[in-house]
Amino acid sequence: MNLPPIATTDYHSGGEPFRIVPEPPVALRGDTVADRRVRAMADPSVQDLRRILCHEPRGHADMYGGFIVPPDDAGAALGVLFWHKDGFSTACGHGTIALGTWAVDGGLVHAPDTGTVDVIVDVPSGRVTARVVRNGGRTVGVEFVNVPSFVLARQVSVRTSRGEVSVDVSFGGAVYAQVPAAALGLAVAPEHVQDLIAVGREVKWALDGTEHAAHPTDPRLSGVYGTILFDHLGDGDDGRVHQRNVAIFADGQVDRSPCGSGTAARMATLAADGRLDEPGAVLVHSSIVGSMFMASILDRVTVEGRPAVVPAITGTAFRTGEHVFHVDPHDDLLPGFVLR
C-alpha cells in the first residue's frame, strides 16, 4: 500500500469524534453521493483508507469521520461519505454539525460575522442543511435540518439476554431500533456502558434484515444502523420532553453525543406518540456523557403515505486537531486493527 500523506481536520460534536478528510487520496467514484457510498463499500482501496484512518494505531474502535466528495449538483456546497469502524453509514447528524462548522470557519462557505448561513450538504440519505449561527466572528451553534423522519414499526417483540422487550423502529436518515433502558434493567449511565453495548448489539442484529427495518422507497437505506436505549427524564409544562440516550451503532460503537440522526428517529417516534404536539415543543436530548442536543419539528409531511416530521437539531462542534497521517508501505500492521 503506497499512499501520500493524508491531511485531516478533527472535530467533536457533543463529545463524539468526527475526522474530516478534505482530499481523500483514493478515487471515490459514483454519479451521486448515495452511489459513491455503495461503490465505496465494494472498493478494497477505499475500505483500506477507511481502516487506516479509523482503526488503531491512528484511530480507535469508536472513531468516526467522513470523506469529502463532490455534491450531487450545484445546489449543495459539498458531499460526504460517513465512515466508522465497520463501514459507511447513510447519515450522521453530529458529523453534519461538524461539517457546517468546518465549512464556515475554513472559508468554504462565506458567512457573516454575526447572523446565520446555510451550508447545504449531500449525504447518502439525501440533502441536509447545517444552519450555522455566528456571533462576533465566531461559530456558536449549528442547526442540523434533516431529511423527513418517520416510524417504520411499533412495539416489535425482541428476545434478549435480559428478557423480552418491545422495540420501536424509526428512520432518521438511518434506521434505529429504540427501547427504554429501564425495560432491560439498565440506565443510560457510563457505569452501564458495557451492558448497554451488549444488549444494543442483540437488538440490532435481531431486527437487521427484517421487514421492520425496510425503507419504503430506497433499499440502500434499509437495515438497522443502531439501537437507541433511552431514559425518560420528565416532561415540562412548556412542551419540553427531556430524555437521555445512548446510540449503540454499527457493531457495538458507542455514540458519545446525543446522536443527530438518532435524535431525528426519536423525534419521529415521539411525534407519533403525540408527545411533541404542543406549540414550540422541544426534545431536550442528553447523551451518556452529559452533552445535549435541542430538537424541534420544522414541518410535518408524508413519505409514501406515512406521517413524517422534518427535524431541526441544534448542537455545537469544536475543532480538536489537525493531522497529517503517514502510511509506510513496509508497515506490517497496515491497514490497522481493532481490539474490540
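Tutor: The lining of the largest pocket divides into 8 nonpolar, 6 polar and 6 charged residues. Here Ala, Val, Leu, Ile, Met, Phe, Trp, Tyr, Cys and Pro count as nonpolar, Asp, Glu, Lys and Arg as charged, and the others, Gly among them, as polar. This is a predicted model: local features need pLDDT of at least 70, side-chain atom pairs count only at pLDDT 80 or more, and totals for chains, interfaces and linings use all residues. Residues are numbered from 1 along each chain as its sequence is written, and side-chain values use heavy atoms, without hydrogens and water.

The largest pocket holds about 270 Å³ of space. Its lining has 20 residues, and Arg37, Phe88, Lys204, Val224 and Tyr225 are the closest to its centre. Lining residues have an atom within 4 Å of a pocket point; a pocket is an open set of points on a 1 Å grid over the protein atoms alone, where a 1.4 Å probe fits, with protein on both sides within 12 Å along at least five of seven lines. Strand S5 (87–89), helix H4 (193–207) and strand S12 (224–235) each give two or more residues to this lining. S5 supplies the largest share, 3 residues. Helices (H or I, at least four residues) and strands (E, at least two) are DSSP runs.

Now strand S3, residues 65–69. S3 is largely enclosed by the rest of the structure, because 5 of its 5 residues are buried (under 20% relative accessible area, 1.4 Å probe, protein chains only). Gly65, Phe67 and Val69 point one way from S3, while Gly66 and Ile68 point the other way. S3 pairs with strand S2 (residues 16–21) in the parallel sense, over 3 bridges; pairing takes at least two DSSP bridges. Phe67 of S3 is the bridge partner of Val21. Strand S4 (residues 78–84) runs antiparallel to S3, joined by 5 bridges. There, Gly79 of S4 is the bridge partner of Val69.

Key:
Points joined across faces, edges and corners; volume = space filled by probe spheres on them. Buried < 20%, exposed > 50% of the residue type's maximum accessible area, 1.4 Å probe, protein only.
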